[in-house]
Amino acid sequence: TYDCNASTPTVLGDKLFISTGYGGSRARGALFQLGEGEPRQIWLNQDLETRMNSAVVFEGHVYCVSETGSGQLMCFDLRDGAVVWSEPSFAKFGTLMIADGRLVVLDEKGDLVIADASPDGYHELARAGVLRGRSWVMPVLANGRIYAKSNAGEIVCLDVRAERTE
């Protein structure tokens, strides 16, 4: 219906990862080999459905909030596109980033989640409802603080610096 791809493609050396959403047969994620001539598709995964949110790649794995079903956080193997794990406790849309081996996820309900970025399974470290209303904006980490914003313009700043004990 919308015929767009709002997720940001990721270049990984001589490979290109791209994903899209909006359901139906067009929703998918794929990895392409770049080089002379046309890109060559390495794999295609119909389970990977990102819409406005971009997936992130970390240590050979792809992490994303997928609109599959009612929404889920997913981990894929970058080599073959196989699903490594999925966690259904997320809203349909969300954004995420990686910092210090951790996923920082803001889902559309305004829940901020910190979890390990690991193919060994989903391990949630913290979760808090920090915003009200739809939240599709990428969280930002700067100087030990996470900034999150809702679509309505509400902004929060969370201090996540570790307390020093001497």
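This report looks at strand pairing and cysteines in a predicted model.

Local features here need pLDDT of at least 70 and side-chain atom pairs count only at pLDDT 80 or more, while totals for chains, interfaces and linings use all residues. Residues are numbered from 1 along each chain as its sequence is written, and side-chain values use heavy atoms, with hydrogens and water left out.

Let's start with the strands, which are DSSP runs (E, at least two residues) numbered from the N terminus; two of them pair if DSSP finds at least two bridges between them.

| Pair | Bridges | Facing residues |
|---|---|---|
| β3 (29-33) and β4 (40-45) | 5 bridges | Leu31 and Trp43 |
| β7 (72-77) and β8 (83-87) | 4 bridges | Phe76 and Val83 |

β3 and β4 make a hairpin with 6 residues between them, and in its turn Gly37 has a positive phi of about 80°.

β7 and β8 belong to an open antiparallel sheet of 4 strands, ordered β5-β6-β7-β8. β5 (56-58) and β8 are at the edges with a single partner strand each, so one side of each has no neighbour in the sheet. From one strand to the next, the twist averages 20° (axes are lines fitted to C-alpha atoms, and angles run from 0 to 180 degrees between N-to-C directions).

Now to the cysteines. The whole structure holds 0 disulfides (pairs of cysteine sulfur atoms within 2.5 Å). For Cys64, the nearest cysteine sulfur is that of Cys75, 9.2 Å away. Cys64 is buried, at 0% relative accessibility, whereas Cys157 is partly exposed at 41%. Buried means under 20% relative accessible area, exposed over 50%, and partly exposed in between (1.4 Å probe, protein chains only).
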